[in-house]
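I set out to look up the pockets of this structure and one of its sheets. The entries below follow the order in which I consulted them.

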Amino acid sequence: MIILETQNLEYSYPDGTKAIEDVSIQIPRGEKVSFVGKNGSGKSTLFLLLNGTLKPKKGKVLLSGGEINYSSAGLLDLRKRVGIVFQNSDDQIIAPTVYQDIAFGPANLNYKKEEIDKIVNKMLDYFGLQSLKDKPPHHLSGGQKKRVAIAGVLAMDPDVIILDEPLSNLDPVGADEILDILNELNHLGKTIVISTHDVDLAYKWSDRVFLLSNSRLIDEGSPKDVFSKEEQVRNSSLKNPVILDFYHELEKRWLATGGKRPKDIPELVQTLHPVDLMRVYVGPDTRVGECVNLGVLYGKYSQDGIYEAVNSRVLCKNEDGTAVVELNRRVLKPGNICVYNMDSFDKEEFDRILKEYDINFIGAMGKKSKERAEEEGIEVVCNSGVIDKSILNALTGSRCIILTSRGMVEHTAKRVREYIQKSGIRLSFHPVGKSAAEIDLNSKNDVAVGAGVLKENTGSKEKKNCHEPDFEFEE
């Protein structure tokens, strides 16, 4: 469902500068969306049009299919549903205390005092700002101001949250905390829209990318599709994502499997093996480019023990019914990842979990979780890029635990499941603790793998002995 849309939008400033020219976009509900372009490409102006701060000279802005109303009542409703966080937090924070600033929006919506107090305290707790509620905002750090600004917008419970350059002027840890918040809000159903000229952020974080240049929309699509057009990206005065440049250099030297576009370090690591080919018999309907399951390989097919081959890609077919496939061979038993909800922290339970799972790598996500871990004397070794680093450590045999809040537990589970499905690696994953049973993992299994690999009954297929290959091997 499309929640925000523009049709042939145009806007010029009073001095005649054309800021937006014939821009038509559709933003689906619940997605993470990045508008990418150099400074002056029109990103900030477009956001002010989406929020009703500016009125277009031509074209329309639609919210949930209806054209926005520029009357006072219409704009009040629009800004309740579409919140905007400015690049410079000082432009947005106007009240004398943190509490009053977060309360500003609900007060303008004529909420009762008791309801305002309930909302503000919920925001203070959620963003780890309770100890700062009576402080003047101009005494806060850049990261703290950014959290106050986001909290003030979220206090009105918008459907869409727009952020102009949300990570500008933040240190790496502060930037990671803001991304944790945005990921959690998106997991809870909010549509998150950001502007950035940081192509690495847009490539890794987004579900959808809009590329702007010279006030026009140049391209849109998935990050992999948009950033695969290197000349177009260069012509927009941007650079290619670093991880793609790194991968292409490895590919040129035959150090990585060809034809891939990794989005993050764990995906990049999965490409770092020589091409592994095998000739197998396949069905007459199997086509070049399809993925086939070869079951579990032993003996001469395995150098270090039992391997599984999943999502093996057909490179070519022969007239005799055989095909050459590229294998994705993976050791069956890497380490494991646990995720623990710090909102329900219990020291006795936590100590038992550390011992039971023999944990040797602890990461913490989110301001509240990090502060609680510090209060409890927990030795956290990772507080940025926690999910990726936990996956990488688990791949080398480490036993990891991620400390986070209730909302981010399911987000973490989703990220780890996606990695398991894409890589085919039987990486063990466990929500742990009293609240673990509340988490919807869609499956009781530790493992979710590619098409044809079955650990339990799925659909109409029957359980099978995983030691039996699906295809006959050519000697």
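Before reading any volume, I noted that a pocket here is an open set of grid points with protein on both sides within 12 Å along at least five of seven lines. I also noted that a volume is the space filled by probe spheres set on the points. The model is predicted, and I read every entry with that in mind.

Entry 1, second largest pocket. I looked up its volume and found about 540 Å³. Its lining comprises 22 residues. Arg-79, Gln-92, Phe-104, Gly-105 and Met-156 are those that lie nearest the centre. The largest share, five residues, is from α3. By class, I recorded 11 nonpolar, seven polar and four charged residues in this lining.

I found about 1400 Å³ of space in the largest pocket. There are 50 lining residues, and Lys-204, Trp-205, Asp-264, Asp-388 and Arg-415 are the closest to the centre of this pocket. Several elements give two or more residues to the lining, among them β8 (191-196), α7 (199-205), α11 (265-270), α14 (386-395) and α15 (406-423). Helix α6 (172-187) is also one of these elements, and the largest share of the lining, eight residues, comes from α6. I counted the classes as well: 21 residues of this lining are nonpolar, 11 polar and 18 charged.

I traced an open sheet with parallel pairing, in the order β19-β20-β18-β21. Why is one side of β19 and of β21 left without a neighbour in the sheet? Strands β19 (361-364) and β21 (428-432) stand at the edges and each has a single partner strand, so one side of each has no neighbour there. On average, neighbouring strands of this sheet are turned by 20 degrees against each other, direction ignored.

Definitions and conventions
Residues numbered from 1 in each chain as written. Predicted model: local features only at pLDDT ≥ 70, side-chain atom pairs only at ≥ 80, totals over all residues. Heavy atoms only, no water. Pairing = 2+ DSSP bridges. Helix = DSSP H or I, 4+ residues; strand = E, 2+ residues; numbered from the N terminus. Axes fitted to C-alpha atoms, helices over the stretch in contact; angles between N-to-C directions. 1 Å grid on protein atoms, 1.4 Å probe; cavity = no way out; pocket = protein on both sides within 12 Å on 5 of 7 lines; lining within 4 Å. Nonpolar A, V, L, I, M, F, W, Y, C, P; charged D, E, K, R; others polar.
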